Amino acid sequence: MPDTSGSMNSTTLFFGRAAFLAPLGFWLALLAVAAAVVAGFGNRQEWWNFLLGFTILKWVFWAVTAALLISIAACIVAWRSGALRELWWGVPGFLIAAAFIGLMSSYVYTARHVPPIHDISTDTVHPPQFVAILPLRHDAPDSAVYGGPAVAAQQRAAYSDIVPVILPVSPKTMFDAALALVREAGWTLVYANAGQGRIEATAKTRWFGFKDDVVIRIVAVSGGSRFDMRSESRVGRSDLGTNARRIRTFIAKLRERLKSR
């Protein structure tokens with residue numbers, strides 16, 4: 001009768017290692033995602049430079065990739081060996097890692113499909129100018145000077161819907177509505193003058209807390225008031241479409257707020 005003890009021992013050892021891999025994949029994925037959260041939170045709290053935060057993210061990506069592969073292997077072995085209890089570790093590990101990789105992939109996809117610009121304005125010919133915010137941008141890598149025709153052309157090609165808004169309301173009514181929306185958004189209000197029709201504020205991105213500056217200009221025109229808005233990042237060549245989304249969202253809320261006026 002053939003001796004199968006060696007084969008059985010190898011199988012037992014293999015499945016024993018798989019039981020170790022399933023929790024390993026889960027905790028590696030969980031800790032990596034936690035590190036990604038801390039990378040952004042630390043930058044938001046100005047504990048470190050954003051470059052360090054991005055370096056952490058680079059290592060997080062490799063850790064999550066390893067967690068994904070480990071979890072997949074653990075799930076396969078658990079299923080084939082009948083050790084289904086290990087799926088309680090393997091499946092969540094896989095889902096956490098896959099979700100994070102999907103999120104990071106969405107950022108990469110967006111970066112490749114939006115123009116590499118970070119200054120968006122409804123008026124690209126005579127964009128609203130920053131005044132009160134300029135001292136706050138003294139050490140910002142990105143200049144507050146508008147990029148001119150080159151930037152305007154890229155914006156028109158990608159965000160053709162971002163244009164001046166004219167509504168049949170008084171400048172004071174539009175100003176009050178815009179100021180209320182700035183406050184509701186939680187932006188840091190830097191300057192507001194109803195007589196000048198000017199509002200300047202600073203917004204922060206959700207994850208890394210990057211500061212983007214906003215200036216709003218409201219003037220009287222025939223039949224009502226004209227609204228212009230400019231949103232510009234302080235850091236980075238591309239804003240991944242953040243400034244355009246901010247302006248779109250603000251204009252939609254402004255229209256809704258003034259619809260019944």
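Predicted model: local features only at pLDDT ≥ 70, side-chain atom pairs only at ≥ 80, totals over all residues.

Visitor: Over which residues does pLDDT stay under 50?
Guide: That's residues 1-15. For that stretch the model has three contacts beyond four places in sequence. pLDDT is the predictor's confidence in each residue, from 0 to 100, and contact means heavy atoms within 4.5 Å.

Visitor: OK, what pLDDT does the protein chain average?
Guide: The average is 88, and 91% of the residues score at least 70. Among the elements, helix α1 (residues 5-44) has the lowest mean, 73, while β3 has the highest, 98.

Visitor: How many helices and strands are there?
Guide: Six helices and six strands. Those are DSSP runs, numbered from the N terminus: helices are H or I with at least four residues, strands are E with at least two. From the N terminus on, the order is α-α-α-β-α-β-α-β-β-β-β-α.

Visitor: And is the chain compact or spread out?
Guide: It's more spread out than a compact globule, because its radius of gyration is 26 Å, well over the 18 Å that the globule rule gives for 261 residues. That radius is taken over C-alpha atoms, and the rule is 2.2 Å times the number of residues to the power 0.38. The C-alpha trace spans about 100 × 40 × 30 Å along its principal axes.

Visitor: New topic: at what angle do α2 and α3 pack?
Guide: About 145°, with the axes of α2 (residues 50-81) and α3 (residues 87-113) 8 Å apart. Axes are lines fitted to C-alpha atoms, for helices over the stretch in contact, and angles run from 0 to 180 degrees between N-to-C directions.

Visitor: Which residues meet there?
Guide: Among them are Val60, Leu68 and Trp79 in α2, and Leu87, Phe94 and Ile101 in α3.

Visitor: Now the strands. How many bridges join β3 to β4?
Guide: Five, and β3 (residues 188-193) and β4 (residues 198-204) run antiparallel. Two strands pair if DSSP finds at least two bridges between them. Leu189 stands opposite Ala201 in β4, and Ala201 also stands opposite Val214 in β5.

Visitor: So what joins β4 to β5?
Guide: Seven bridges, again antiparallel, with β5 covering residues 211-221. Their hairpin has six residues between the strands, and Gly209 in the turn has a positive phi of about 70°.

Visitor: And how many residues lie between β5 and β6?
Guide: Two, and Gly223 in that turn has a positive phi of about 90°. β5 and β6 (residues 224-233) pair in the antiparallel sense over ten bridges.

Note on methods
Residues numbered from 1 in each chain as written. Heavy atoms only, no water.
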